[in-house]
There are 2 protein chains.
Amino acid sequence: MVPVKKFRELDENLVRQKEAAFADFIQRKGLKTTRQRNTIIATFFRLRGHISVEELLNQVKQVNPRIGYATVYRTLHLLVESALVEERRFGDGLARYEGHSDVEHHDHMICLECGEIFEFFNPRLEALQESLAEENNFQIFRHRLELYGACKDKDACQKRKARGNTAAGAE
Amino acid sequence: MVPVKKFRELDENLVRQKEAAFADFIQRKGLKTTRQRNTIIATFFRLRGHISVEELLNQVKQVNPRIGYATVYRTLHLLVESALVEERRFGDGLARYEGHSDVEHHDHMICLECGEIFEFFNPRLEALQESLAEENNFQIFRHRLELYGACKDKDACQKRKARGNTAAGAE
DNA sequence: CCGAAAATGAAAACAGTTTTCGTAATCCAG
DNA sequence: CTGGATTACGAAAACTGTTTTCATTTTCGG
């Protein structure tokens with residue numbers, strides 16, 4: 001088990017590296033560099049977790065209130081296309097975007113009480129999936145595993161639970 | 001590995017059993033039996049696989065063309081509430097409904113070439129998930145595992161592949 | 001049968017996302 | 001540097017799948 005550290009420090013160098021990689025991507029595609037896109041990606045890469053479009057737009061608006069949904073959506077699509085960001089859907093109807101992770105691939109545990117999303121990775125799990133696919137003559141391109149439930153001992157979670165205040169969100 | 005037989009015969013008795021179970025549910029909830037609902041559930045339970053609302057409505061309209069989306073949606077919600085049917089989302093934006101399966105719980109392999117959806121169940125996989133959750137003090141209520149890829153030897157799939165005709169659908 | 005309760009169907013509302021369209025910014029060629 | 005084709009922008013409209021509304025019809029226990 002390799003649980004992903006939740007409160008890893010934000011590495012400013014890593015952020016700059018990603019900004020540069022995106023600039024590269026933009027140039028390779030013959031697109032233009034714009035103030036708005038820069039604002040959006042700079043904001044996005046300095047957030048952590050699984051960001052919804054609305055969350056991102058709110059942050060972005062604090063820098064430049066004139067930026068609207070359309071540009072945020074368009075920029076996120078570019079980020080996904082550039083492979084710097086992954087789109088995820090946990091079943092509550094909103095797309096979420098994930099730009100940082102300590103491991104290349106990981107799965108998710110979603111607490112239905114507090115809404116927290118944990119990332120994890122386990123090689124045995126991956127291997128087992130591969131062997132099941134093999135048995136069925138199936139070739140896996142990618143997969144998605146989500147465990148929905150409750151974290152048993154997280155403070156935040158227990159607090160909300162006590163208030164009967166469950167996180168609607170996920171599915 | 002317990003692969004779910006794909007072309008199991010449709011057991012008319014099983015269908016009647018489910019219709020009866022739904023009738024029970026309706027009565028227990030103090031709701032009313034209607035011609036439209038009967039048409040919808042009879043049609044649904046005689047289809048197999050992962051049915052979208054549109055697919056179901058198309059079938060239903062062949063019996064009674066006056067039935068519209070609203071009633072189909074409402075009936076599907078009741079079916080889900082009655083636990084006779086499960087709602088699934090594979091990331092293409094449409095809900096799909098599943099009314100039959102040989103095993104209680106199962107996971108899915110989705111072929112991105114031909115769009116086919118296979119069901120499978122593996123106890124080791126389930127156990128491994130449980131132990132990973134345990135390690136992280138997480139209690140699983142339910143989970144979802146989807147393997148996206150290609151079936152290597154299905155005729156239908158290979159045929160479409162040859163035509164470069166991939167199934168848009170899933171994610 | 002009566003009548004309260006629930007269900008229906010058409011259409012409007014809704015949420016999240018995408019597209020359109022007129023204007024503005026970018027940036028390469030000259 | 002600029003001119004001008006190209007790309008991006010922002011506001012608003014359009015779109016998609018789903019839910020709700022509302023006037024009307026149907027169900028079913030008394």
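This briefing describes how the protein chains meet DNA strand D and which salt bridges the structure holds. The model is predicted, so local features need pLDDT of at least 70 and side-chain atom pairs count only at pLDDT 80 or more, while totals for chains, interfaces and linings use all residues. Residues are numbered from 1 along each chain as its sequence is written, chains are lettered from A and ligands numbered from 1 in the order in which they are written, and side-chain values use heavy atoms, with hydrogens and water left out.

**Surface near DNA strand D**

- DNA strand D is surrounded by 21 residues, of which A:K32, A:R37, A:T71, B:Y73 and B:H77 are the closest; a residue is near a strand if one of its heavy atoms lies within 4 Å of it.
- Of the atoms of DNA strand D that come within 4 Å of the protein, 75% belong to sugar and phosphate.
- At least two residues of this surface are supplied by each of α2 (35-45) and α4 (69-81) of chain A and α4 (69-81) of chain B, and the largest share, four residues, comes from α4(B); helices here are DSSP runs (H or I, at least four residues) numbered from the N terminus.
- The surface divides into seven nonpolar, seven polar and seven charged residues, where Ala, Val, Leu, Ile, Met, Phe, Trp, Tyr, Cys and Pro count as nonpolar, Asp, Glu, Lys and Arg as charged, and the others, Gly among them, as polar.

- A polar side-chain atom of A:R74 is 2.8 Å from a base nitrogen of DNA strand D.
- Phosphate oxygens of DNA strand D lie 2.6 Å from a polar side-chain atom of B:Y73 and 3.5 Å from a polar backbone atom of A:R66.

**Salt bridges**

- Over all chains there are 20 salt bridges, each being a side-chain nitrogen of Lys or Arg within 4 Å of a carboxyl oxygen of Asp or Glu.
- In chain A, the side chains of A:E81 and A:K29 form a salt bridge with an N to O distance of 2.6 Å. Because A:E81 lies in helix α4 and A:K29 in the loop between α1 (12-28) and α2, the pair ties together parts of chain A that are 52 residues apart in sequence.
- A:E81 is partly exposed at 47% relative accessibility, as is A:K29 at 42%; buried means under 20% relative accessible area, exposed over 50%, and partly exposed in between (1.4 Å probe, protein chains only).
- In chain B, the closest N and O atoms of the salt bridge between B:D92 and B:R96 are 3.1 Å apart; B:D92 is partly exposed at 24%, whereas B:R96 is buried at 14%.
- A network of salt bridges links A:E12, A:R16, A:E19 and A:R46.

Key: Polar contact = N/O pair within 3.5 Å; in protein donor to acceptor, adjacent residues only side chain to side chain.
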